[in-house]
Amino acid sequence: TLAMRRYLFEHVYENEVATAEFAKATGVLGGLWERVRTRPDDFLDARVVAAEGLDAATKDFVAGMTDRFAVSLYET
């Protein structure tokens with residue numbers, strides 16, 4: 001319905017607090033992606049990289065992180 005759509009845009013999609021959090025998350029994930037891809041030996045299993053490729057191994061590694069682990073790794 002239109003009321004639901006309006007509510008979602010006001011409180012989720014265009015909400016300043018929510019969009020700021022999305023921007024922070026994007027920065028953290030982008031930073032982790034670059035760190036892991038530039039230093040794969042520090043983070044990834046070489047057999048997985050050989051079998052699936054660097055991008056797929058990095059994607060799986062980052063996707064499997066908890067929020068707490070991701071933020072901690074990003075901050076170090």
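1. The structure under review is a predicted model. Alanine 51 belongs to helix α4, which covers residues 46–52. Ten residues separate alanine 51 from phenylalanine 61 in sequence, and their C-alpha atoms are 14 Å apart in space.

2. As to secondary structure, the protein contains six helices and zero strands. Read from the N terminus, the order of elements is α-α-α-α-α-α. The radius of gyration is 17 Å, whereas the globule rule gives 11 Å for 76 residues; the value is well over that figure, so the protein is more spread out than a compact globule. The C-alpha trace extends over about 50 × 30 × 15 Å along its principal axes.

3. Burial and surface may be taken together. Of the 76 residues, 16% count as buried. The accessible surface amounts to about 5800 Å², and carbon and sulfur atoms account for 58% of this area. Where contacts join residues at least 6 apart in sequence, 41% of them link residues at least 24 apart.

4. Regarding charge, the protein carries 9 positive and 13 negative side chains. The centres of these two sets lie 2 Å apart.

5. How many aromatic pairs does the count give? The count comes to two aromatic pairs. One of them is formed by phenylalanine 9 and tyrosine 13, with 4.9 Å from centre to centre and 70° between the planes, an edge-to-face arrangement. Both residues sit in helix α1 (residues 2–13); because they are four residues apart there, about one helical turn separates them. Phenylalanine 9 is partly exposed at 29% relative accessibility, and tyrosine 13 is likewise partly exposed, with a relative accessible area of 46%.

6. Phenylalanine 43 and phenylalanine 61 also form a pair: their ring centres are 6.0 Å apart and their planes meet at 45°, so the pair is tilted. Phenylalanine 43 lies in helix α3 (residues 40–43) and phenylalanine 61 in helix α5 (residues 54–63), so this pair ties together parts that are 18 residues apart in sequence. Are the two residues buried or partly exposed? Phenylalanine 43 is buried, because its relative accessible area is 18% and burial means under 20%. Phenylalanine 61, with a relative accessible area of 23%, is partly exposed.

7. In sequence, leucine 29 is 38 residues away from aspartate 67, while the C-alpha to C-alpha distance between them is 10 Å.

Conventions. Residues numbered from 1 in each chain as written. Predicted model: local features only at pLDDT ≥ 70, side-chain atom pairs only at ≥ 80, totals over all residues. Heavy atoms only, no water. Helix = DSSP H or I, 4+ residues; strand = E, 2+ residues; numbered from the N terminus. Rg over C-alpha atoms; globule rule 2.2 N^0.38 Å. Buried < 20%, exposed > 50% of the residue type's maximum accessible area, 1.4 Å probe, protein only. Contact = heavy atoms within 4.5 Å. Areas by Shrake-Rupley, 256 points an atom, 1.4 Å probe, with all protein chains shown as cover. Lys, Arg positive; Asp, Glu negative; His and termini not counted. Charge placed at Lys NZ, Arg CZ, Asp CG, Glu CD. Phe/Tyr/Trp six-rings, centres within 6.5 Å; stacked < 30°, edge-to-face > 60°.
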